[in-house]
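Hi,

Here is the structure I promised to pass on.

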Amino acid sequence: MEICYRFIRKKESDSIIKLWNDNIGCLFPMDEELFYQNIENDRNLLKKDIFGVFINSELAGFIIFKQQLEYRGLMEAEKIAGNINSLIVDFKYRNNGIGGSLLYKCENILQARGVKHIEVGRDTFHFFPGMPLELKDGYEFFKKRGYIDSHISTDLICNISNVDFCKLRSIKKLRINEEEGYIIEPYQEEDKEKLIQFFKKTFPGRWLGEVEFALDNGINGEDMIILKDIKKDIVIGFSRIYHKNSKIIGPPIYWRKLLGVNFGGLGPIGIDSQYRKKDLGLTLLFRSLEILKSKGIENMCIDWTDLYKFYGTFNFIPWKSYMHMGKDFN
């Protein structure tokens, strides 16, 4: 049996997708559109940082890893930080030390570049916000190799076609802010600079970088809802929404093949800190869900959160959970 460890060439990427789906596709179905979107647009991913093991010239496992090299919005790159985007060994070859060898090579490469801390997931253009807890062997694999638990985040799911929002508002006595000084509406091109200024002020890190990428790639009011202070003529809140016609495959719809034909998603969502405690966050979420329902959305996901009570108001329940794990290096 001939074993070879080497960097994976771009033309071999389809073999990564096949290996992914052969092994975890029933839980996290990968497709070319999502894979190439996230791999080709991430400036923190160097071409040589997709490393594989080949057995008799066939891909038997791979690891995708990154160093934080680029600004996150206005925030300077934390170059001493690295991430493991994904690590999969084909089930036929497990328990032979292949996964450990891939991880060891990754850690050595990143340490040689000055990385002092590595996290599982949570990278830019991530596939996972942490270690998927459905993959119990993977979780134990990282634990055994010194990766320390931090906290759990969760993707939530709900079939909103079953939710009567007017009735829910009445029964739960939801405090929807209907003051005339605020308006919730689909994003328009004329609001671009106001939206960017809002992010620079309120969410100057990763979320700013993500919205700049989205705007550069043509998203519009079908994918972004904004909340405005009418008197000041400024954006004070936002909600990213997703559906089958979205221009970008965002994290809430990564695993859309599991959600059915009329899938949807939401997240992130946020409000200017000066306008909080006015029920505007709940109001923005309420209106965003109404808009998604009007588009015919059925099963939808809200990704990477621990706000179970907030979203649970609308019958969102845990779907997929992830352990945030990291390891320090001297």
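Asn56 sits in the loop between strand 2 (50-55) and strand 3 (58-67); strands here are DSSP runs of E, at least two residues long, and helices are runs of H or I, at least four, all numbered from the N terminus. Asn56 has a positive phi, about 50°, although it is not a glycine.

Before I go on, the ground rules. This is a predicted model, so local features need pLDDT of at least 70 and side-chain atom pairs pLDDT 80 or more, while totals for chains, interfaces and linings use all residues. Residues are numbered from 1 along each chain as its sequence is written, and side-chain values use heavy atoms, with hydrogens and water left out.

Asp233 also has a positive phi without being a glycine, near 55°. You'll find Asp233 in the loop between strand 9 (224-229) and strand 10 (234-243). Asp233 is partly exposed, at 39% relative accessible area (buried is under 20%, exposed over 50%, partly exposed in between, with a 1.4 Å probe and protein chains only).

Asp191 is in the loop between strand 8 (182-186) and helix 6 (192-202), and counts as buried because its relative accessibility is 1%. Setting aside neighbours within four places in sequence, Asp191 is in contact (heavy atoms within 4.5 Å) with Glu185, Ile226 and Lys228.

One for the backbone list: Gly267 and Pro268 are joined by a cis peptide bond, omega about 0°. Pro268 is in strand 11 (residues 264-271).

Now the helices. Helix 1 (residues 13-24) packs on helix 2 (residues 32-40) at about 125°, with the axes 11 Å apart; axes are lines fitted to C-alpha atoms over the stretch in contact, and angles run from 0 to 180 degrees between N-to-C directions. Ser13, Asp14, Ile16 and Ile17 of helix 1 meet Glu32, Phe35 and Tyr36 of helix 2.

Cys106 is buried, at 1% relative accessibility. Cys166 is in no disulfide either, and its nearest cysteine sulfur, in Cys158, is 16 Å away. Cys166 counts as exposed, at 57%.

Cheers

Notes: A disulfide is a pair of cysteine sulfur atoms within 2.5 Å.
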